[in-house]
Amino acid sequence: MGDWQNFDNRAVIGKALRLRREIDDFEARWPTPAKREETLPSFSWTQLERQLVDLAATPAQADMARHLVSATRKLAPFKPPEMVLREILCLTWVLLDENFRPDADLGEGSAQMS
């Protein structure tokens, strides 16, 4: 059992280090502005999820929105606000893309691309 616990600990540490590198890379590319700027209106994660579900191009994407918002919310406290904003914008792009097919068979798409 000790080996599994060590493996789990290494996996968690590896994930934390990857997240730290992502944040460091983001902050190097997009440093926090020195002067205070006007901020966005605040809204809740529930409101964000509700709007993304409503905007989603397909029922499958609407269902996916719930999971994506949940995953984003869980890591948001550890990231710079602008990084979270970027992730929300990316989620929105995926959910509005009518050609994005999360339910499509990957084997079919591969065959069509050949």
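Is Arg-66 buried, partly exposed or exposed? Arg-66 is partly exposed, with a relative accessible area of 38%. The model is predicted.

## Salt bridges overall

Side chains of opposite charge can pair when their charged atoms come close. A search of the whole structure finds four salt bridges. Pairs from that search are taken up below, by location.

## Within helix H1

Arg-20 and Asp-24 form a salt bridge through their side chains, with N to O at 2.7 Å. Both residues belong to helix H1, which covers residues 2-29. They are four residues apart, about one turn of the helix.

Arg-20 has 39% relative accessibility and counts as partly exposed. Asp-24 is partly exposed too, at 38%.

## Between H2 and H3

Glu-49 pairs with Arg-66 in another salt bridge. Their closest N and O atoms lie 3.9 Å apart. This pair links distant parts of the chain. Glu-49 sits in helix H2 (residues 45-55), while Arg-66 sits in helix H3 (residues 59-75). The two residues are 17 residues apart.

Glu-49 has a relative accessibility of 26%.

Lys-79 forms a salt bridge with Glu-87. The closest N and O atoms here are 2.6 Å apart. Lys-79 has a relative accessible area of 11%, so this residue is buried. Glu-87 is partly exposed, with a value of 22%.

## Packing of H2 on H3

Two packed helices are described by the angle between their axes and the distance between the axes. For H2 and H3, the axes come within 9 Å. They cross at roughly 150°. Angles over 145 degrees count as roughly antiparallel, and H2 and H3 are therefore roughly antiparallel to each other. The crossing of H2 past H3 is right-handed.

Which residues make the contact? H2 contributes Trp-45, Leu-48, Glu-49, Leu-52 and Val-53. H3 contributes Ala-62, Ala-65, Arg-66, Val-69, Thr-72 and Arg-73. By type, the contact residues divide into seven nonpolar, one polar and three charged. Glu-49 and Arg-66, the salt-bridge partners, are both among the residues in this contact.

Technical notes
Residues are numbered from 1 along each chain as its sequence is written. This is a predicted model: local features need pLDDT of at least 70, side-chain atom pairs count only at pLDDT 80 or more; totals for chains, interfaces and linings use all residues. Side-chain values use heavy atoms; hydrogens and water are left out. Buried means under 20% relative accessible area, exposed over 50%, partly exposed in between (1.4 Å probe, protein chains only). Axes are lines fitted to C-alpha atoms, for helices over the stretch in contact, and angles run from 0 to 180 degrees between N-to-C directions. Angles under 35 degrees count as roughly parallel, over 145 as roughly antiparallel, 65 to 115 as roughly perpendicular and the rest as oblique. A crossing is left-handed if the near helix is turned anticlockwise from the far one by less than a right angle, and right-handed if clockwise. Contact means heavy atoms within 4.5 Å. Ala, Val, Leu, Ile, Met, Phe, Trp, Tyr, Cys and Pro count as nonpolar, Asp, Glu, Lys and Arg as charged, and the others, Gly among them, as polar.
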